[in-house]
Each structure stands twice: as C-alpha cells, then as structure tokens.
Amino acid sequence: GGDQGGGNQGGGDQMSGSGTSPTQSPGQGGQNPSPTPPSGPTPPPGQGGTPAPGQGGDGQQPGTGNGGSSEEPDSGTGSGLYRWNGGGLERIQGVTTNGAQSWTTFTVGTTVLAAVANFGQDGARETVSRLFLFANGRLTASQDISTKGATDVIHFQSLAGTAYLLFSNYEDDTGNKDIDSLVLQGSGITFSEHQMIATNGARSLATFDISSSQYLAIANSYSTIDQSHVVNSQVFIWDGPSQRFNLLQNIQTSDAQCVHYFIIATVNYLAFCNGMDSTGDSTAKSPVYRWNTVTSRFMLHQEIETQAARSMKVFMVDGNSYLALSSAEGQSKLYSWNVTSDIFAEVLSYITKESHDFHPLLVSSSGTTAAYLLSGEYSQSEISSSLLLIAKTGNDSDYVTRQTDIIMEEGVDIVDIEMTVINDTLPEVNENFFVNITNVQGGAVLGSHARLCYCGHSDQ
C-alpha cells in the first residue's frame with residue numbers, strides 16, 4: 001500500500017491503473033495482522049528472534065550485508081515485490097523481513113520510498129522496522145527504525161509540508177501491550193523520533209483530512225493492565241503550531257484489528273474491524289462511524305456482523321461503492337453501498353483461508369475495468385495469497401460481472417447469487433444474461449446445465 005505524493009488518506013490500500021501497468025492512488029486505512037502470530041516452522045535467518053546480518057544496528061542506521069537490499073537469490077520466502085504483468089502479479093524481488101505486517105510507499109521530492117513494519121517473533125518483538133529506497137524497479141534498504149512488535153506503518157504529510165512516518169507498536173519483549181506507538185519526522189529521506197503516543201496493543205493506523213484539519217485514528221486491541229480486549233481506540237487531531245497529535249475522541253472497540261477511513265458522497269466515515277466480542281467470541285459487530293459536522297466527532301452509523309474480522313477496504317467501481325472485509329475464520333465478504341438507506345449490504349462471500357488483509361486492485365484496459373481483491377492468507381500447511389476477480393465492466397455494460405465461490409450442501413437445490421445492475425437512461429432492447437458454473441469440487445458432478453441463460457434481461 002502507499003500514498004504517493006504524501007497524501008493524507010493513510011496507509012494506501014487501493015490501487016488503480018490502466019493497461020498492464022497499474023499505478024497507485026492514495027489509499028485509506030492500514031493493514032491488519034492476526035491477534036497472535038501463527039506458529040509454524042523455524043523461520044530463516046532474518047525472520048526469527050535473532051536478526052540476520054543487516055538487521056542489527058542502533059535502530060537509526062541500516063546494518064550491513066543483505067538484510068534488506070535482497071540482492072541474494074529470491075527463495076520465495078519472506079516479503080516480496082510484485083509487478084502486474086497484464087493478467088496477474090509476478091514476483092520480481094524478494095525482501096528479507098522479520099514478521100512483516102504492513103508496507104507503505106510514498107515520495108519525498110522525486111525519491112520513491114517504502115517502509116515496512118516488522119512484528120518480530122515471540123519474545124523478540126523489540127526489533128527494527130525498515131525504510132527502503134525504490135529505484136529501477138528494486139528496493140534497497142536505507143534506514144533501520146527501532147520498533148516493538150510493529151503492526152502498521154503509514155506516511156503522513158502535514159499541511160506545512162513536513163513528512164512523517166507513523167508506526168503502531170503492539171507489544172514489547174515481555175508481552176506488555178500498554179506501550180507507546182511512534183511518530184517520526186522526516187528530514188530529506190531520513191526520519192527521526194518526534195512523538196510517542198500511548199496505545200494499547202495498537203494494530204492499525206489511518207490518517208485523513210476533513211475540511212482544513214488533519215486526523216489520526218488508531219485501532220487498539222488489548223490492555224495489559226485491564227486484561228481486556230474491550231479498550232478505547234483513538235482519534236487524534238493534528239496541531240500545526242506544536243506539530244503534535246492531540247487526543248480528540250475515544251471510541252470503544254473490542255480487539256480492534258483495523259481502522260479504515262473512507263468518503264461516500266462527500267460524507268466522511270471511519271470503520272473498525274472488531275476481532276472478537278467482549279466474551280472472546282470471534283463473532284462480533286464491527287462499527288462504521290459517520291462524521292458529525294456539528295460536533296466535529298464521529299457518531300455510530302452502522303454495525304456489521306463479522307467473524308474474526310481482520311481488515312476492511314472501501315473502493316469504487318463504475319460509481320458503485322463496495323466494502324471488502326477479510327476474515328481469519330469462515331468466509332470473507334463483499335458489501336455494496338445502498339444509496340437509499342446509506343448502509344452496506346452483503347452481496348458476496350468468498351471461501352478463503354485465514355485472510356488477514358484484502359487489497360483492491362483496479363485494472364483498466366481497452367474500455368474494460370476489472371476489479372480484483374488480493375487476499376493475504378495463512379494456513380498451517382501453506383502461506384500464500386489469492387487474487388480474486390470480483391467485477392468486470394465495459395463502457396456499455398448494464399451489470400457488473402463477478403466471479404465467486406458458492407457452496408451447495410447435500411439436498412440443496414437453489415443458491416441465490418446477487419448481481420449489481422448499472423442503471424442508465426439509454427433506450428435498449430432486452431439482453432441475455434449468462435451464469436457459468438465451473439470448477440466443481442467435493443465429489444459434485446457438473447451436469448448439462450453448466451451455462452444458464454436469463455433471457456430478456458433489462459437494466460430497469
């Protein structure tokens with residue numbers, strides 16, 4: 001993710017583009033790691049509790065060796081840099097990281113930089129996150145930054161033009177989660193400590209502008225002192241004269257895994273992913289807040305039933321707004337914005353492994369726009385990601401085409417599939433609408449009706 005040009009829609013979670021080279025637009029919100037890093041095989045050097053060469057140092061200067069420049073052969077493990085090749089994503093560089101949870105990209109002048117938040121390992125959360133220079137299609141380490149179980153990193157540029165990097169810290173080496181998160185101030189392409197913000201198991205960050213003011217939201221997940229996942233997440237306002245974030249509003253959340261800011265029809269919204277309810281059940285209600293222009297505070301607007309929610313991203317395709325929500329349990333889901341009721345309604349569900357993040361990817365070519373979701377997933381047997389095609393439209397489209405998984409249990413004859421119709425005022429004859437069934441699994445047999453036609457379709 002990234003907010004190129006230093007925009008203030010924090011984190012950078014939406015990509016759009018044209019042809020085979022999508023470019024990145026300012027994003028909205030942060031990344032969303034799982035509550036407890038999954039166990040697995042012993043990590044390779046540079047990803048365990050002891051840093052590999054090039055991952056040590058004093059927390060302000062990069063170490064020596066290949067601990068971030070990734071000039072070593074790409075083993076396919078660790079983090080990676082990918083490029084769109086016209087039909088998918090191809091890996092072009094491996095990057096050694098230490099439990100990486102989040103990336104952001106931004107520019108300082110004409111220099112493109114990337115920053116990674118390293119979570120570290122069990123008992124060794126106090127490690128270094130890293131800043132990279134991006135040039136000639138490659139990432140090269142430029143600065144190490146001391147963090148404590150870093151879960152998110154975003155770039156922020158004040159109205160005065162000063163660049164900042166923000167890291168959310170989850171816990172220290174002792175497991176204490178009531179620790180400070182970090183604000184770094186930039187001088188050229190180097191960043192130094194500027195402000196510490198008290199947080200409670202911080203998971204995610206978002207910065208945004210409303211009118212002439214700038215804000216920071218932090219999703220907190222656990223208080224060590226209170227021994228509770230029910231804790232206040234925070235909204236701060238930027239004070240220009242003092243160059244500090246000051247607390248504006250507390251919002252009670254339960255194991256908040258993400259915070260995401262978005263705008264629909266000029267209205268400002270802030271959403272939180274609640275990983276569990278107050279009893280520890282993974283089924284919870286994740287709130288969407290709406291900005292009150294009178295009180296200059298966020299007020300509850302909608303609650304969405306979620307299960308082990310990890311991230312949510314709002315994006316737009318052909319004037320329609322969608323919310324993608326990833327889940328570490330059960331099904332991840334896609335919601336569409338109802339312009340009449342001003343709330344999100346579920347339209348699709350996806351069978352994913354433990355999905356910890358969704359990233360919208362919009363690619364336009366020859367008058368057609370394809371919307372993809374990149375799902376960052378984890379399972380005990382495999383660490384991989386899925387690229388899901390969720391929508392494809394042309395300039396003269398009457399509906400949004402989608403690809404989705406459906407489950408038909410034994411004895412079930414009918415499954416509903418919801419589609420989005422694109423209303424227009426053009427006089428047209430009735431058209432045919434097709435549904436194709438492919439890739440059946442679980443012992444099912446595809447019969448003679450693999451392609452169904454709804455004849456006489458109209459977009460009225």
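Buried means under 20% relative accessible area, exposed means over 50%, and partly exposed is anything in between, using a 1.4 Å probe and protein chains only. The model here is predicted, so local features need pLDDT of at least 70 and side-chain atom pairs count only at pLDDT 80 or more, while totals for chains, interfaces and linings use all residues. Residues are numbered from 1 along each chain as its sequence is written, and side-chain values use heavy atoms, with hydrogens and water left out.

**View 1. Asp122 and Arg125 meet in a salt bridge.**
A salt bridge is a side-chain nitrogen of Lys or Arg within 4 Å of a carboxyl oxygen of Asp or Glu. For Arg125 and Asp122, the closest N and O atoms are 2.8 Å apart. Are these two buried or exposed? Asp122 counts as exposed because its relative accessibility is 62%, but Arg125, at 3%, counts as buried. The pair also belongs to a network of salt bridges that links Asp122, Arg125, Glu171 and Lys177. Across the structure, there are seven salt bridges.

**View 2. Asp357 and Lys313 form a salt bridge between two strands.**
Strands (E, at least two residues) are DSSP runs, numbered from the N terminus. Here the N to O distance is 2.8 Å. Asp357 sits in strand β25 (residues 354–365) and Lys313 in strand β21 (residues 309–317), so this pair ties together parts that are 44 residues apart in sequence. Both Asp357 and Lys313 are buried.

**View 3. Glu346 and Lys333 make another salt bridge.**
This time N and O are 3.4 Å apart. Glu346 belongs to strand β24 (residues 343–351) and Lys333 to strand β23 (residues 331–338), and the pair links distant parts of the chain, 13 residues apart. Glu346 is partly exposed, with a relative accessible area of 37%, and Lys333 is partly exposed too, at 23%.

**View 4. Cys258 and Cys273 are joined by a disulfide.**
A disulfide is a pair of cysteine sulfur atoms within 2.5 Å. How many does that rule give? The count is one disulfide, and the sulfur atoms of Cys258 and Cys273 are 2.3 Å apart. Cys258 lies in strand β17 (residues 256–264) and Cys273 in strand β18, so the pair ties together parts that are 15 residues apart in sequence. The torsion about the S-S bond is about 60 degrees, so this disulfide is right-handed. Cys258 counts as buried at 1% relative accessibility, and Cys273 counts as buried at 0%.

**View 5. Asn268 is a buried residue in strand β18.**
Strand β18 covers residues 267–274. Asn268 has a relative accessible area of 13%, so it is buried. Its side chain joins that of Tyr261 through a polar contact of 2.4 Å. A polar contact is a pair of N or O atoms within 3.5 Å; within protein, one must be able to donate a hydrogen and the other to accept it, and residues adjacent in sequence count only if both atoms are side-chain atoms. Which residues does Asn268 touch, not counting those up to four places away in sequence? Among them are Asp209, Phe262, Arg290 and Trp291, where contact means heavy atoms within 4.5 Å.

**View 6. Strands β11 and β12 run antiparallel.**
Two strands pair if DSSP finds at least two bridges between them. Ten bridges join β11 (residues 178–187) to β12, and Gly186 has Phe191 in β12 as its bridge partner.

How values were computed
Helices (H or I, at least four residues) and strands (E, at least two) are DSSP runs, numbered from the N terminus.
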